[in-house]
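Here are a few friendly notes to read alongside the model. Please have the structure open as you go through the points.

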Amino acid sequence: MAESGPALPEAEQLRVLAELADLAYFQVDMNRDIVAVSPALERLTGFPAREVLGRSCLTLIRCRECLRGCRVFEEKDVKDMPLTLYRADGTTVDVLKSGRALLEGGRVVGALETVRLAGTSPSVPGRPPRELDTLLEALGRYFIIADEDLRIVGFSSALPELVGMSPDALHGSPVEEFLGPELFSEESEFRRAVLRGERREGWRARIKLADGGTRTVSVSVGPISESTQCGASGARLSIMIRTEESPEEGARTSSYAGILARSPAMLRIFRVMDLLKDNDSAVLITGESGTGKELVARALHETSHGRGGPFVAVNCAALPSELIESELFGHVRGAFTGAVRDKPGRFELADGGTLFLDEIGDLALPLQAKLLRVLQERTFERVGDTRTRSVDVRVIAATGVDLGRAVTRRAFREDLYYRLRVVPIEIPPLRERREDLDLLIRHLLERIGRERGRALRLAPSAMRALLAHRWPGNVRELQNVLEYATTVCEGQTIHVGDLPTEVGMGSGRDRPFPVSNAGHGDLARHRDSPRHRDAHDVEDPSRFETSPWDLSSAEVEERTRILSALAQARYRRAEAAALLGISRTTLWRKMKEYRI
């Protein structure tokens with residue numbers, strides 16, 4: 001199935017469905033712009049997906065009826081609406097269109113619509129159209145139709161299998177017995193509200209299963225108009241049931257030394273890390289800033305033979321060039337001005353454990369030669385000393401630049417490159433492992449909320465904005481965004497307005513990242529990989545700026561200094577605060593003031 005960003009969260013499931021069933025359907029966002037088209041609908045209309053994705057639905061579904069208004073958006077649920085479509089070759093075809101609006105908080109955020117040739121596949125009485133029923137099942141949603149006494153008079157064809165009951169046992173049973181008395185007992189205000197014709201969306205309920213167990217689901221209830229009776233006698237209410245993550249999906253989630261992931265790329269990295277448990281070879285970790293290179297290094301240390309020893313981290317880019325040799329190897333008293341006593345270096349401090357050299361690509365060439373010697377001979381001398389010292393240290397290096405290209409430019413020693421790169425691990429950016437995004441969002445939000453003493457949840461629209469964002473700062477940016485949202489959120493639910501402007505606005509139609517993994521996504525990943533992009537493309541401060549507003553000249557100057565420090569520190573707030581000579585808390589406050 002062809003898609004265009006921003007797509008709704010169910011797009012991946014729809015793509016799989018399109019491959020398994022030859023269904024003619026399409027998906028639109030809140031602006032009625034097309035975000036997904038099935039191959040069957042391409043064949044029916046003659047319009048290729050590449051010509052209509054991201055454009056108004058009228059470019060695909062050309063008919064007089066749709067020009068008068070969109071009944072799916074107006075009525076929220078339509079079935080078998082007769083249309084005469086104008087195909088790409090100028091011919092016409094009579095079809096029946098069914099659709100259901102996707103709602104969040106009472107607001108339409110998109111729609112799923114199916115199209116079939118008139119005279120084919122009639123609807124089954126008491127159930128939605130077959131195509132729509134299949135779509136709902138693919139989205140993990142199930143449909144119940146209830147009468148005014150809140151007895152079940154219709155349901156999705158897959159619902160009996162979900163709960164382990166026969167269709168006859170479901171038909172005519174009270175909704176209260178099926179979804180529990182908390183929402184549907186006669187004393188419930190929820191029941192009285194929906195019978196008055198009010199909509200209720202996203203309420204938690206527990207389905208009763210045939211084996212005596214229960215399953216937690218999300219329930220949305222709305223009235224059924226006479227024009228959308230779905231063939232059920234006495235139909236009064238439609239109840240949409242959304243299941244939570246299936247056990248099969250949960251099984252694909254994995255954790256390694258505290259690192260959570262479910263994407264194939266990260267699971268492959270977990271397997272490599274597991275193979276290194278009994279091996280102390282040097283490891284070179286590559287990846288963009290914020291992808292979690294130090295987390296991987298710590299995980300390698302914690303699962304190694306030397307886990308009982310120290311883990312010492314050094315940021316080669318953060319130390320002044322004139323001090324880094326002393327920091328790595330130590331110095332003796334009088335070795336240089338200010339050396340008033342002997343000082344051990346990081347290699348000595350890491351003896352028996354792991355030394356993590358972050359941003360190794362920024363190490364000067366003379367120091368690269370000394371580092372090579374330590375790696376080969378396990379010996380070194382402190383600055384100003386003639387005594388040779390021995391250490392037993394495992395070295396793990398990391399960089400966000402292409403060291404292979406640096407070797408070609410003679411900016412990095414080739415022999416050191418291959419000595420460090422005994423086992424290479426490349427961490428993909430967050431935009432290339434979007435399967436992990438939902439998992440990371442929920443984990444980080446829970447952790448931050450626990451630290452702040454707050455139990456917060458994300459509104460569906462806020463989650464959609466987070467899923468749609470490109471995340472140029474990767475996991476570090478995601479954590480900062482959630483910390484910001486937790487700080488400014490006044491209630492228990494984080495909404496789009498609680499997110500930084502660049503994230504909340506990033507879910508609009510101009511989002512540059514294609515969600516599809518069919519061709520175009522591969523090209524985008526190729527262009528955006530570290531080998532095809534300079535480091536400053538990621539770190540450009542202007543990409544994080546918001547709309548301008550009135551500031552004094554002093555405030556403009558201060559904001560510019562903060563942006564420059566953040567870029568220089570690769571958006572590590574603690575390092576940026578040190579560069580500015582202020583505390584991390586003060587920096588965070590000023591970032592909020594200046595909307596950085």
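**Notes on helix packing and the sheet**

1. Helices α27 and α28 are roughly perpendicular to each other (the term covers angles of 65 to 115 degrees; under 35 degrees counts as roughly parallel, over 145 as roughly antiparallel, and the rest as oblique). Helix α27 spans residues 573-580 and helix α28 residues 584-593; the angle is about 100° and the axes lie 9 Å apart. Axes are lines fitted to C-alpha atoms, for helices over the stretch in contact, and angles run from 0 to 180 degrees between N-to-C directions.

2. A word on the source: this is a predicted model, in which local features need pLDDT of at least 70 and side-chain atom pairs count only at pLDDT 80 or more, while totals for chains, interfaces and linings use all residues. Residues are numbered from 1 along each chain as its sequence is written, and side-chain values use heavy atoms, with hydrogens and water left out. Helices (H or I, at least four residues) and strands (E, at least two) are DSSP runs, numbered from the N terminus.

3. Helix α28 also packs against helix α22 (residues 474-488), at an angle of about 80° and with the axes 12 Å apart. These two helices are therefore roughly perpendicular as well. In the contact (heavy atoms within 4.5 Å), Asn480, Glu483, Tyr484 and Thr487 of α22 meet Arg584, Trp588 and Lys592 of α28. By class, this contact has 2 nonpolar, 2 polar and 3 charged residues (Ala, Val, Leu, Ile, Met, Phe, Trp, Tyr, Cys and Pro count as nonpolar, Asp, Glu, Lys and Arg as charged, and the others, Gly among them, as polar).

4. Now for the sheet. Which strands form it, and in what order? It is an open sheet of 5 strands, ordered β15-β18-β21-β14-β22, with parallel pairing. Two strands pair if DSSP finds at least two bridges between them. The edge strands, each pairing on one side only, are β15 (311-315) and β22 (423-426). From one strand to the next, the twist averages 20°.

5. Within this sheet, β14 (residues 283-286) and β21 (residues 394-399) pair in the parallel sense over 4 bridges. Leu284 stands opposite Ala397 in β21. Helix α14 (residues 293-302) packs on the sheet and touches β14, β15, β18 (354-358), β21 and β22; its direction makes about 155° with that of β14.

6. Finally, is helix α21 mostly covered or mostly open? Of the 9 residues in α21 (460-468), 7 are buried (under 20% relative accessible area, with exposed over 50% and partly exposed in between, using a 1.4 Å probe and protein chains only), so the helix is mostly covered. Among them are Met463, Arg464 and Leu466.
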